[in-house]
Amino acid sequence: MSVPTLQQLASGEWQLSCAIGGHHVFFRAEMPLYAGPEPFLSAFLLPTMAMRRYLTSPVPVCETWLRNSRALRARAADWWGFSSGGILAPEVQAPPHADVGTEAHTGLFFSGGVDAFHSLSACRPRIDKLIFIEGADTTLSDTTRREQDRRLLQSAAAAAGLDLVIIATNLREHPLFRRIGWWEAHGGALAATAHALSMSLGAAIISGSVSMQPHGSHPDLIPTYSSRRLRLDVYAGGVPRWEKLRTILADPIALQHLRVCWVHQTDGDNAMNCGVCEKCLRTLLQLECLESGVTHGLPTFPADRLDERLRRLKWIPPHVAPLWRHIAGQTSLPPSLRRQVCQLLKRSERIRRSPLRMPPFLMDRYRHLRAAWSLHRHPGSAG
């Protein structure tokens with residue numbers, strides 16, 4: 001790892017960069033960034049452990065971050081078997097840059113999805129800024145999608161009366177970062193981004209997932225990325241999605257700006273959600289169960305009929321089948337849609353039981369490759 005450097009580009013943006021294993025990594029935003037090692041160490045700790053290697057920092061590291069990293073390594077070893085490797089760095093007790101600046105704001109990572117809007121609604125009194133990462137789910141090369149994302153999220157932030165901080169990074173393009181799955185690595189990426197913004201942030205909130213299985217943004221893991229200058233926390237980890245969707249229904253800003261899709265199987269210029277992938281359709285059906293007709297005319301989804309789009313979905317992966325069975329059991333769902341959901345479950349089960357199907361480990365690998373290829377061809381963002 002090289003010494004992190006901060007420079008102001010000709011565009012006026014600030015770029016924090018570092019070489020990790022000979023590959024250039026950067027964070028770029030329209031504000032000064034924190035030129036310490038913690039952003040890069042947070043991102044690459046778990047990938048380094050997965051390779052049983054050590055990442056050496058040439059500059060001193062916050063003693064609070066180092067102390068917390070021991071708990072982080074222990075958790076990773078228990079959950080994923082990352083039992084060796086880690087960080088080699090000189091420790092400093094109170095470096096001049098360790099204290100938080102006078103503008104110690106609280107930021108919320110915000111993608112415009114269900115989890116994000118639920119957190120915004122509940123945590124609004126203590127949130128000063130919304131944070132959106134370019135390069136996490138949308139490739140940096142897709143300038144059209146990036147501009148669409150910016151317009152939508154800036155509109156949502158303005159409606160909520162908050163500033164939107166947009167920060168770009170090429171973390172996901174680094175070969176070391178790709179050594180582990182996004183399911184495990186994304187928490188480190190979020191923590192790294194928050195540390196990069198810690199010239200003005202004193203705390204950052206990450207919206208919790210429905211799942212409480214071990215994953216990168218688990219409530220027990222994220223606080224262990226904290227440092228002397230930055231506190232990281234997770235809000236509403238394990239809260240059922242149905243409860244979050246009820247919050248969405250009561251929030252006109254959320255309904256006007258909802259953004260859940262990362263597949264983007266259609267090329268419509270106006271629809272931020274493709275409306276035909278499994279996640280889009282599942283979200284729309286859950287909203288219909290809670291309030292009939294609410295999905296008609298949602299501005300960020302295609303306007304064509306929901307039952308027609310549902311009919312075109314070929315199958316659903318086994319890990320989300322329980323969610324679809326729950327939808328099928330809702331009496332509030334219109335009968336025509338319930339029939340389509342039941343038929344989808346049946347054909348998905350036939351595919352799963354087919355004697356010609358791939359072994360489970362190959363099917364899992366196929367899903368990951370297909371998702372990666374879809375992201376490459378039609379980059380989008382998760383909600």
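This is a predicted model: local features need pLDDT of at least 70, side-chain atom pairs count only at pLDDT 80 or more; totals for chains, interfaces and linings use all residues.
R353 counts as exposed, at 57% relative accessibility; here exposed means over 50% relative accessible area, buried under 20%, and partly exposed in between, with a 1.4 Å probe and protein chains only. Residues are numbered from 1 along each chain as its sequence is written, and side-chain values use heavy atoms, leaving out hydrogens and water.

Back to R353, then. It forms a salt bridge with E349, with the closest N and O atoms 2.4 Å apart. By salt bridge I mean a side-chain nitrogen of Lys or Arg within 4 Å of a carboxyl oxygen of Asp or Glu. R353 and E349 are four residues apart in helix α11, so about one helical turn separates them. Helices are DSSP runs of H or I, at least four residues, and strands are runs of E, at least two, numbered from the N terminus.

E349 also meets R352 in a salt bridge, at 2.8 Å from N to O. E349 is partly exposed at 27%, and R352 is partly exposed at 34%.

Now, which residue pairs with R146 in a salt bridge? That is E134, with the closest N and O atoms 2.7 Å apart. Both R146 and E134 are buried. Since R146 lies in helix α4 and E134 in strand β9, the pair ties together parts twelve residues apart in sequence. R150 joins E134 and R146 in a network of salt bridges.
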